[in-house]
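Thanks for asking me to look this over.

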Amino acid sequence: MEFGKTRGRVTPQELNPSSGPKPKRVPKMVGRRKKEKVKRKKNKANIEELKKEVVMDDHKLTLEELSRRYSVDLTKGLRPEKAQEILDRDGPNTLTPPPTTPEWVKFCKQLFGGFSILLWTGAILCFVAYGIQTYFNEEPTKDNLYLGIVLAVVVFITGCFSYYQEAKSSKIMESFKSMVPQVDNSSLTGESEPQSRFPHFTHENLLETRNICFFSTNCVEGTARGIVIATGDSTVMGRIASLTSGLAVGQTPIATEIKHFIHIITMVAVFLGVSFFGLSLMLGYSWLKAVIFLIGIIVANVPEGLLVTVTVCLTLTAKRMAKKNCLVKNLEAVETLGSTSIICSDKTGTLTQNRMTVAHLWFDKTTYEADTSEEQTVNTFAKDSDTWFILARIAGLCNRADFKPDQETLPIAKRATTGDASESALLKFIEQSYSSVKEMREKSPKVAEIPFNSTNKYQISIHLREDSSQTHVLLMKGAPERILAFCSSYLLNGQEYSMDEEMKEAFQNAYLELGGLGERVLGFCFLNLPNTFSKGFKFNTDEVNFPMENFCFVGLISMIDPPRPAVPEAVCKCRSAGIKVIMVTGDHPITAKAIAKGVGIISEGTETAEDTTAQLKVHVRQIDSRDVKAIVVHGSDLKDMSSAQLDEILRNYTEIVFARTSPQQKLIIVEGCQRQGNVVAATGDGVNDSPALKKADIGIAMGITGSDVSKQAADMILLDDNFASIVTGVEEGRLIFDNLKKSIAYTLTSNIPEITPFLLFIILGIPLPLGTITILCIDLGTDMVPAISLAYESAESDIMKRAPRDPKNDKLVNYRLIGMAYGQIGMIQALAGFFTYFVILAENGFKPADLLGIRHDWENSYVNDLEDSYGQQWTFEQRKILEFTCQTGFFVSIVIVQWADLIICKTRRNSVFQQGMKNKILIFGILEETFLAAFLCYTPGMDMALRMYPLKIFWWLCAIPYSILIFIYDEVRKFAIRNHPGGWLERETYY
Amino acid sequence: MAALQEKKSCSQRMEEFRHYCWNPDTGQMLGRTLSRWVWISLYYVAFYVVMTGLFALCIYVLMCTIDPYTPDYQDQLKSPGVTLRPDVYGDKGLDISYNISNNRTWTELTLTLHNFLAGYSPASQEDNINCTSHKYFFQESFRAPNHTKFSCKFTADMLQNCSGLVDPSFGFAEGKPCFIIKMNRIVRFLPSNSTAPRVDCAFLDQPHGDGRPLQVEYYPPNGTFSLHYFPYYGKKAQPHYSNPLVAAKFLNVPRNMQVVIVCKILADHVTFDNPHDPYEGKVEFKLKIQK
């Protein structure tokens, strides 16, 4: 507790857990410290307990009571030995750093998380199968061993890749941090205003009362003495920090989706495996063989390339988002933003520009609007009124702010200043719209001054008059009601009139109007001192020796931290995209509401219950809450609400502003939204926001103003602090979800032509049409670039005009997608492959009918005179070469039908003719897979390396009719879907 | 998302699964009502019927385009494979061993030869004609009955001492066993330009034992496949065609030790140096005769 007397601007220090004790800790009087531990339950602190507001009554006590409670002398402080004792008990005044995840744990998470599990399982099954084979000396082929190794290598490399990616984005984050100087910003309560501190108890709420200072805030002005009532983790800040590290974080939506996908794939694989296990036993295969088949089929269902594809797609999007100023720390968070249905946004700095700007002026009984846009390059305010000239001079001269040196090249709005926010705003405004303040000050040098303080609420400066260097003018600015009290006359168009009731009423209306806009209003007046105060007169500001009455009122200037220019549009986009934007701020409800209205969070024409009551002059209770769509909730009301009440508010109101909230309440709001089944994005910059950032499905920290702790807790960082960037992030997130669907559909389709050869090999006893190596060539070779190229596909319709994805029903991979990929397109592809296979065999002498049941002899390396349909006899090696040629043919056919598959996967509803072929990467993908296939097929030495053999040109063409068939079939299907929205085909096949 | 992330107990999961299998409220089984199941099944049945039809059509077209007498491509059969009878395989290829004094060890081998030569009895060669020209027997037209071409006779007795007629034990009993070497058929394949292809057997790694080369008696004499058995016109044109054979009788196989013998076919168009195919143009086998 501090009993100070002057204003103390309270700014959050960097709460970098690694940086140890900060030099400036509040209160400053380290010698007289008294520590008190509220409750120390180490890291096992009860989270629910922490979420509640700090309960403390120290601020309600008188100084005497306080000194008794902490047995501390108010003037001398604690005895050194007592202080030492307490220090030993409680430890130093530092925060326990949050447990950081060791790098190897992060790496293992990449290696064994999500998709990787599927591939690891596949690899282990392969090794098991190989083990069985070698143990029982069954057909000593090493395919299973190789497959297992390849799977393991793929997972390992992908793991390394995504680990590297994430490490890189955290490095970008760090470099960014070092580039940007830390900026003073909002305090614990979210207010960017300096606050005065004095020993009296003013408010029940610990955060609002004026006699408490908090850990990690700076005293910017004045001196004070205080009593330390808490240190380290038991401070308010410490509680927030431990709350953040203790929060359990849920899965990202994409992780849930991938889990769901793994379920489906596993089900399909086990179903296929078990049914063919039974079938092969019925066909008379031995148990051992059947088990090998079972494992083989299950492993064949593993889409080897998908892990890589998904990782690369997410990485590409993350890169694209980084270009648009959204830096994603965690790859999976890329998509989360797309699923977001509620954004809990901060006000200061995110929605607003975080700088005070003159918004309105009132003089000559008229309100004038000033330009508040971010780029104030032109002279924004040029009024031809004498009153304006005087007002401008007062604002410029009675002003302690100044530009920092060496900034002449910068635009005025961008220059750094000394002095508080309001004065800087005035300075910049006058410099911009009137004339150089520096010249003005040189012409009329200041001779005396009474600085602003919270008791007087005014500021006076006395200057030599410009026109006659003999006389002085007294300029004054301050709280409008205080200023008016000093005035006996007023200026109207440069003429002085004596104050009348009409003017007072006009003043009151203007003051109310500007205040109602959430703006900070200052009044301005002046007094020409008589000649008695000639040059050289010693003005005494302590024992005022100059007149302090009969001032002449000039006007009002109001200031606001204006909304960022792109924000209203972004909020509007969010709304049309079905995303609810909730403002959560520590600011006053009036300011909050004004900004909310300004940016469209409370849309035009929508009124809160209070507005309606004011108009209809009825009590709030009498208004049917269903008619009211907007609400401003005060933090103190929120404190008393049960979660059911909060849920009700979140459900019933579409436009919500939470004002005067505490950090814990932000967390409660986020949790409330999540309880409704929403995917919540939360923005924040301060340490106080970090619990909410961590708890939210996607926490968004501010890159420029954000504290390290908030960046650490967040999943994403807005490099330009601009809310509008979130919207582009949402767009990218939604696009990647759609495109991942397409990519997965594409990749899964080729699974069927990869599995069916093995199945028919078992059932029909034909030579194996597609081997493990060729399967891997497809999955990890030719399919890779095309699948990734789908990430570059543009959206089919305006994705920002539809509601956010319903995470319960709109799955990444659903049965319809599996049905299309496996049941339909995949089957056609398999037919294409088999056709090529039969063509090659038939043209070489083995007609299809003679192949049935040939497996036993075909696979027998002792049969070296196997007869074909023409009576020719083949040695084992000769027919194996033929078999591998067929496998190459099958492989090439899959590549060719995948052309068509790629083109149909470009769209889910539109025709490709509507979508166009603008995706250059996709065209490159088609060419690449074709060239790769040709390379694998024709490069000398491939016959030995991969057992792939050159094909006759004609065999490349066999699959083309099927390619055309796929294209036509799917175009017809999509045509039907487009023309019968909600029809049967859409319900059953639209994925 | 909180709602999605609740930890579910096992019984809850089971209940959910049961609800999925049969949902009494909506009448859905496994996520679909009965009528929707019927419709989707019908759709898939129709889809597969159409696709199978198209595939069958493709195969039909394929079969129509294929020449019934000659395969379109024979580049995988540039050189014929060679096989050996009797064929007993060990861990690595052909591996024949027997004990002269124990006739049970070789009756199986001679039985294989007898069975193999059954296809070369005069009765089974009845439909084939006698050829004597020792030149390629080209037939451009189908003069044989049933629109076929003639095939030349090859009867077991041409193998003389190794025919099994003179010595039913094929020399196994006396330790001078006969092995029959067969060249694989390839449609329209001409093994050489003018001379008849000849079998040549030798120890693989000379000098062996006492350093003497392998002494072989070939039947028919010189170990040649007469040119009139070539070219082969395929199963449809020559349904009764039988491969010509050469028998090799090894006279000086050392006893009680394993020797490796390779029999090559010497002809202009037969290669035996393919490192990947041990049975192309030659046959290698291990032989161990115990006493």
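This is a predicted model: local features need pLDDT of at least 70, side-chain atom pairs count only at pLDDT 80 or more; totals for chains, interfaces and linings use all residues.

1. The rule finds six salt bridges across the interface of chain A and chain B. For polar contacts, the count across this interface is 26 residue pairs, with both residues at pLDDT 80 or more.

2. Which parts of chain A supply the side that touches chain B? At least two residues each come from helix H8 (253–282), helix H22 (663–675), helix H29 (815–843), strand S25 (873–874), helix H32 (876–905), helix H37 (960–979) and helix H38 (984–989) of chain A. The most comes from H29(A), with 14 residues. Sorted by class, this side of chain A holds 26 nonpolar, 19 polar and 12 charged residues.

3. Now for the extent of the interface. The size of an interface is often given as the accessible area lost when the parts come together. Here chain A and chain B bury about 4,800 Å² between them, and 60% of that lies on carbon and sulfur atoms. As for contacts, 57 residues of chain A touch 55 residues of chain B.

4. Chain A also has a nonpolar patch on the surface, formed by Phe127(A), Tyr146(A), Ile149(A), Val153(A), Phe156(A) and Ile157(A). Together these residues have about 550 Å² of accessible area. Helix H6 (residues 143–179) of chain A gives the most to the patch, with five residues. Phe156(A), for instance, sits in helix H6.

5. Do check the prolines in chain B. A cis peptide bond joins Arg85(B) and Pro86(B), with omega about 0 degrees, and Pro86(B) lies in the loop between strand S3 (82–85) and strand S4 (89–90) of chain B. The bond from Phe230(B) to Pro231(B) is cis as well, with omega near -10 degrees. Pro231(B) is in the loop between strand S8 (216–219) and strand S9 (245–250) of that chain.

6. Asn325(A) is found in the loop between helix H10 (306–323) and strand S5 (326–328) of chain A.

Notes:
Residues are numbered from 1 along each chain as its sequence is written. Chains are lettered from A and ligands numbered from 1 in the order in which they are written. Side-chain values use heavy atoms; hydrogens and water are left out. Contact means heavy atoms within 4.5 Å. Buried area is the accessible area (1.4 Å probe) that two parts lose on being put together, summed over both. A salt bridge is a side-chain nitrogen of Lys or Arg within 4 Å of a carboxyl oxygen of Asp or Glu. A polar contact is a pair of N or O atoms within 3.5 Å; within protein, one must be able to donate a hydrogen and the other to accept it, and residues adjacent in sequence count only if both atoms are side-chain atoms. Helices (H or I, at least four residues) and strands (E, at least two) are DSSP runs, numbered from the N terminus. Ala, Val, Leu, Ile, Met, Phe, Trp, Tyr, Cys and Pro count as nonpolar, Asp, Glu, Lys and Arg as charged, and the others, Gly among them, as polar. Patches are made of residues with over 30% relative accessible area and no salt bridge: like charges are joined within 9 Å, nonpolar side chains (Val, Leu, Ile, Met, Phe, Trp, Tyr) within 5 Å. Accessible areas come from the Shrake-Rupley method with a 1.4 Å probe; for residues, only the protein chains shown count as cover.
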